[in-house]
Amino acid sequence: ELVAEAAIGALRALPEGQRIAVDLCSGSGAIALAIATEVRGCRVTAVEVDPAAVVWTRANFERMNAAVIDAGSLTTLVEADATTCAETGGALEAMVGRVDVVAVNPPYVPDEARPRDPEVRDHDPPRALFGGPDGLGVVRGIVRTAASLLRPGGMLVIEHSDEQGEAAGTAGVPWLLREDRRWVDVVDHLDLARRPRYTTAMRAA
(Lines give C-alpha, C1' and ligand atoms only; values in the text may rest on other atoms or scores of the structure.)
Protein backbone atom coordinates (compact mmCIF):
# COMPACT_ATOMS: atom_id res chain seq x y z
CA GLU A 1 0.00 0.00 0.00
CA LEU A 2 2.81 2.42 0.83
CA VAL A 3 4.54 1.75 -2.50
CA ALA A 4 1.31 2.61 -4.31
CA GLU A 5 0.80 5.67 -2.09
CA ALA A 6 4.29 7.01 -2.88
CA ALA A 7 3.75 6.52 -6.60
CA ILE A 8 0.33 8.16 -6.46
CA GLY A 9 1.68 11.18 -4.60
CA ALA A 10 4.48 11.71 -7.12
CA LEU A 11 2.10 11.48 -10.06
CA ARG A 12 -0.52 13.79 -8.55
CA ALA A 13 2.16 16.48 -8.30
CA LEU A 14 2.37 16.51 -12.11
CA PRO A 15 -0.03 18.28 -14.50
CA GLU A 16 -3.02 16.15 -15.52
CA GLY A 17 -2.47 14.63 -18.94
CA GLN A 18 1.28 14.37 -18.38
CA ARG A 19 1.25 11.44 -16.00
CA ILE A 20 2.90 8.23 -17.19
CA ALA A 21 3.56 5.28 -14.88
CA VAL A 22 4.89 1.75 -15.23
CA ASP A 23 4.19 -1.06 -12.77
CA LEU A 24 6.91 -3.69 -13.18
CA CYS A 25 6.37 -7.25 -11.89
CA SER A 26 2.70 -6.32 -11.77
CA GLY A 27 1.30 -9.66 -10.58
CA SER A 28 -2.40 -9.15 -9.89
CA GLY A 29 -2.22 -5.57 -11.18
CA ALA A 30 -3.10 -4.10 -7.79
CA ILE A 31 -0.50 -1.30 -7.88
CA ALA A 32 -1.25 -0.41 -11.49
CA LEU A 33 -4.99 -0.24 -10.80
CA ALA A 34 -4.52 1.79 -7.61
CA ILE A 35 -2.53 4.35 -9.60
CA ALA A 36 -4.96 4.40 -12.53
CA THR A 37 -8.03 4.93 -10.33
CA GLU A 38 -6.48 7.37 -7.84
CA VAL A 39 -4.55 9.59 -10.28
CA ARG A 40 -6.72 11.35 -12.85
CA GLY A 41 -5.58 11.25 -16.44
CA CYS A 42 -2.79 8.76 -15.87
CA ARG A 43 -1.43 6.30 -18.41
CA VAL A 44 -0.33 3.14 -16.62
CA THR A 45 1.49 0.20 -18.17
CA ALA A 46 1.63 -3.04 -16.18
CA VAL A 47 4.38 -5.52 -17.02
CA GLU A 48 4.12 -9.18 -16.00
CA VAL A 49 6.00 -12.21 -17.34
CA ASP A 50 4.23 -15.13 -15.66
CA PRO A 51 1.35 -16.43 -17.85
CA ALA A 52 -0.53 -17.67 -14.78
CA ALA A 53 -0.33 -14.23 -13.17
CA VAL A 54 -1.32 -12.50 -16.40
CA VAL A 55 -4.67 -14.31 -16.29
CA TRP A 56 -5.41 -12.57 -12.98
CA THR A 57 -3.99 -9.23 -14.11
CA ARG A 58 -6.22 -9.25 -17.17
CA ALA A 59 -9.30 -10.27 -15.14
CA ASN A 60 -8.70 -7.48 -12.62
CA PHE A 61 -8.18 -4.94 -15.40
CA GLU A 62 -11.51 -5.94 -16.91
CA ARG A 63 -13.25 -5.82 -13.52
CA MET A 64 -11.91 -2.33 -12.76
CA ASN A 65 -12.22 -0.92 -16.26
CA ALA A 66 -15.20 1.33 -15.45
CA ALA A 67 -13.37 2.90 -12.50
CA VAL A 68 -10.28 3.50 -14.65
CA ILE A 69 -12.40 5.20 -17.32
CA ASP A 70 -14.15 7.32 -14.67
CA ALA A 71 -10.71 8.56 -13.59
CA GLY A 72 -9.86 9.51 -17.16
CA SER A 73 -6.96 7.07 -17.09
CA LEU A 74 -5.72 4.33 -19.41
CA THR A 75 -4.24 0.96 -18.47
CA THR A 76 -2.18 -1.32 -20.69
CA LEU A 77 -1.03 -4.84 -19.84
CA VAL A 78 2.23 -6.05 -21.38
CA GLU A 79 3.36 -9.65 -21.05
CA ALA A 80 7.14 -9.29 -20.87
CA ASP A 81 10.21 -9.74 -18.67
CA ALA A 82 10.53 -6.67 -16.44
CA THR A 83 14.33 -6.95 -16.42
CA THR A 84 14.70 -6.67 -20.21
CA CYS A 85 11.53 -4.98 -21.52
CA ALA A 86 13.23 -1.59 -22.00
CA GLU A 87 16.13 -2.95 -24.04
CA THR A 88 16.41 -2.52 -27.81
CA GLY A 89 13.61 -4.55 -29.33
CA GLY A 90 11.90 -4.90 -25.96
CA ALA A 91 8.18 -4.44 -25.39
CA LEU A 92 8.66 -1.02 -23.72
CA GLU A 93 11.45 0.32 -25.93
CA ALA A 94 9.19 3.14 -27.17
CA MET A 95 8.72 4.37 -23.58
CA VAL A 96 12.43 4.83 -22.83
CA GLY A 97 13.06 8.23 -21.23
CA ARG A 98 9.36 9.13 -21.10
CA VAL A 99 8.06 7.63 -17.84
CA ASP A 100 7.35 9.72 -14.72
CA VAL A 101 7.09 6.95 -12.11
CA VAL A 102 8.13 3.32 -12.02
CA ALA A 103 6.61 1.32 -9.15
CA VAL A 104 7.64 -2.25 -8.44
CA ASN A 105 7.15 -5.02 -5.93
CA PRO A 106 9.77 -7.44 -7.28
CA PRO A 107 10.79 -10.94 -6.20
CA TYR A 108 13.37 -10.21 -3.48
CA VAL A 109 13.48 -13.28 -1.21
CA PRO A 110 16.87 -15.10 -1.28
CA ASP A 111 16.54 -18.52 -2.88
CA GLU A 112 17.40 -20.42 0.31
CA ALA A 113 15.20 -18.33 2.60
CA ARG A 114 11.72 -19.20 3.85
CA PRO A 115 9.22 -16.33 3.95
CA ARG A 116 7.96 -15.59 7.47
CA ASP A 117 4.41 -14.49 6.63
CA PRO A 118 2.15 -17.54 6.14
CA GLU A 119 -0.06 -15.78 3.58
CA VAL A 120 3.06 -15.27 1.46
CA ARG A 121 4.77 -18.57 2.20
CA ASP A 122 1.68 -20.72 1.64
CA HIS A 123 0.03 -18.95 -1.27
CA ASP A 124 2.37 -16.82 -3.40
CA PRO A 125 3.98 -18.60 -6.37
CA PRO A 126 7.77 -19.05 -6.10
CA ARG A 127 8.38 -16.94 -9.19
CA ALA A 128 6.85 -13.96 -7.41
CA LEU A 129 9.01 -14.42 -4.32
CA PHE A 130 12.54 -15.60 -5.02
CA GLY A 131 15.18 -13.29 -6.49
CA GLY A 132 18.40 -15.28 -6.67
CA PRO A 133 21.05 -16.25 -4.09
CA ASP A 134 21.04 -12.84 -2.36
CA GLY A 135 17.48 -11.92 -3.29
CA LEU A 136 18.65 -9.01 -5.44
CA GLY A 137 19.12 -10.74 -8.80
CA VAL A 138 15.81 -9.55 -10.22
CA VAL A 139 16.13 -6.22 -8.43
CA ARG A 140 19.36 -5.44 -10.30
CA GLY A 141 17.57 -6.01 -13.61
CA ILE A 142 14.64 -3.89 -12.47
CA VAL A 143 16.97 -1.03 -11.57
CA ARG A 144 18.43 -1.10 -15.08
CA THR A 145 14.98 -1.14 -16.65
CA ALA A 146 13.71 1.71 -14.48
CA ALA A 147 16.80 3.83 -15.25
CA SER A 148 16.08 3.39 -18.96
CA LEU A 149 12.36 4.12 -18.74
CA LEU A 150 12.36 7.14 -16.45
CA ARG A 151 12.80 10.69 -17.66
CA PRO A 152 15.30 12.84 -15.74
CA GLY A 153 13.62 13.64 -12.42
CA GLY A 154 11.34 10.60 -12.66
CA MET A 155 10.86 8.48 -9.55
CA LEU A 156 11.47 4.81 -8.80
CA VAL A 157 9.51 3.28 -5.92
CA ILE A 158 10.70 -0.24 -5.09
CA GLU A 159 9.68 -2.60 -2.30
CA HIS A 160 12.24 -4.76 -0.48
CA SER A 161 12.39 -6.97 2.59
CA ASP A 162 13.05 -5.49 6.01
CA GLU A 163 16.51 -7.06 5.81
CA GLN A 164 17.43 -5.22 2.59
CA GLY A 165 17.09 -1.64 3.79
CA GLU A 166 19.57 1.01 4.85
CA ALA A 167 21.08 -1.06 7.67
CA ALA A 168 21.95 -3.90 5.28
CA GLY A 169 24.82 -1.90 3.79
CA THR A 170 26.11 -3.43 0.56
CA ALA A 171 23.40 -6.12 0.76
CA GLY A 172 20.64 -3.51 0.66
CA VAL A 173 18.60 -1.87 -2.06
CA PRO A 174 19.56 1.71 -1.05
CA TRP A 175 23.26 0.90 -1.44
CA LEU A 176 22.60 -0.75 -4.80
CA LEU A 177 20.95 2.43 -6.08
CA ARG A 178 23.57 4.79 -4.66
CA GLU A 179 26.32 2.82 -6.39
CA ASP A 180 24.65 3.60 -9.74
CA ARG A 181 25.26 7.21 -10.81
CA ARG A 182 21.97 7.26 -12.68
CA TRP A 183 20.18 7.68 -9.33
CA VAL A 184 20.03 10.57 -6.87
CA ASP A 185 17.98 11.36 -3.75
CA VAL A 186 17.90 7.71 -2.63
CA VAL A 187 15.73 7.42 0.48
CA ASP A 188 14.76 4.30 2.41
CA HIS A 189 11.30 4.29 4.01
CA LEU A 190 9.63 2.51 6.93
CA ASP A 191 6.31 0.70 6.80
CA LEU A 192 3.54 1.14 9.37
CA ALA A 193 5.30 -1.35 11.66
CA ARG A 194 8.44 0.86 11.53
CA ARG A 195 10.37 -1.64 9.43
CA PRO A 196 12.42 -0.57 6.37
CA ARG A 197 10.32 -1.84 3.45
CA TYR A 198 10.71 0.34 0.36
CA THR A 199 13.10 2.77 -1.28
CA THR A 200 12.54 5.78 -3.52
CA ALA A 201 15.10 7.28 -5.89
CA MET A 202 15.10 9.94 -8.57
CA ARG A 203 16.51 9.51 -12.07
CA ALA A 204 19.53 11.77 -12.47
CA ALA A 205 19.71 14.24 -15.34
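Q: Is Val186 buried or exposed?
A: Let's start with the general idea: a residue is called buried under 20% relative accessible area, exposed over 50%, and partly exposed in between, using a 1.4 Å probe and protein chains only. Val186 has a relative accessible area of 11%, so Val186 is buried. Please keep in mind that this is a predicted model, where local features need pLDDT of at least 70, side-chain atom pairs count only at pLDDT 80 or more, and totals for chains, interfaces and linings use all residues. Residues are numbered from 1 along each chain as its sequence is written, and side-chain values use heavy atoms, with hydrogens and water left out.

Q: Which residues does Val186 touch?
A: Contact means heavy atoms within 4.5 Å. Not counting residues up to four places away in sequence, Val186 touches Pro174, Leu177, Arg178, Thr199, Thr200 and Ala201. Val186 itself lies in strand β6. As for Leu156, it is 30 residues from Val186 in sequence, and their C-alpha atoms are 9.4 Å apart in space.

Q: How many helices and strands does the chain have?
A: Helices (H or I, at least four residues) and strands (E, at least two) are DSSP runs, numbered from the N terminus. Here the chain has eight helices and seven strands.

Q: In what order do the strands stand in the sheet?
A: Two strands pair if DSSP finds at least two bridges between them. The seven strands form an open sheet with mixed pairing, in the order β3-β2-β1-β4-β5-β7-β6. At the edges are β3 and β6 (183-190), each with a single partner strand, so one side of each has no neighbour in the sheet.

Q: Which strands does helix α2 touch?
A: To describe directions, axes are lines fitted to C-alpha atoms, for helices over the stretch in contact, and angles run from 0 to 180 degrees between N-to-C directions. Helix α2 (residues 30-38) packs on the sheet and touches β1 (19-24), β2 (42-48), β3 and β4, with its direction at about 175° to that of β2. Helix α3 (residues 51-63) also packs on the sheet, touching β2 and β3, and its direction makes about 165° with that of β3.

Q: Which residues have the most contacts inside the largest nonpolar core?
A: In soluble globular proteins, nonpolar side chains tend to be buried together. A nonpolar core is a set of buried Ala, Val, Leu, Ile, Met, Phe, Trp, Tyr and Cys residues joined through side-chain atoms within 4.5 Å. The largest one here has 31 residues, and Val22, Leu24, Val47, Val102, Leu156 and Trp183 have the most contacts inside it. Its largest share, six residues, comes from α7. A second, separate core of 23 residues includes Ala7, Ala36, Val44 and Val101.

Q: Where is Thr83 found, and what does its side chain join?
A: A polar contact is a pair of N or O atoms within 3.5 Å; within protein, one must be able to donate a hydrogen and the other to accept it, and residues adjacent in sequence count only if both atoms are side-chain atoms. Thr83 is in the loop between β3 (74-79) and β4 (99-104). Its side chain makes a polar contact of 2.7 Å with the side chain of Asp81. With a relative accessible area of 17%, Thr83 is buried.
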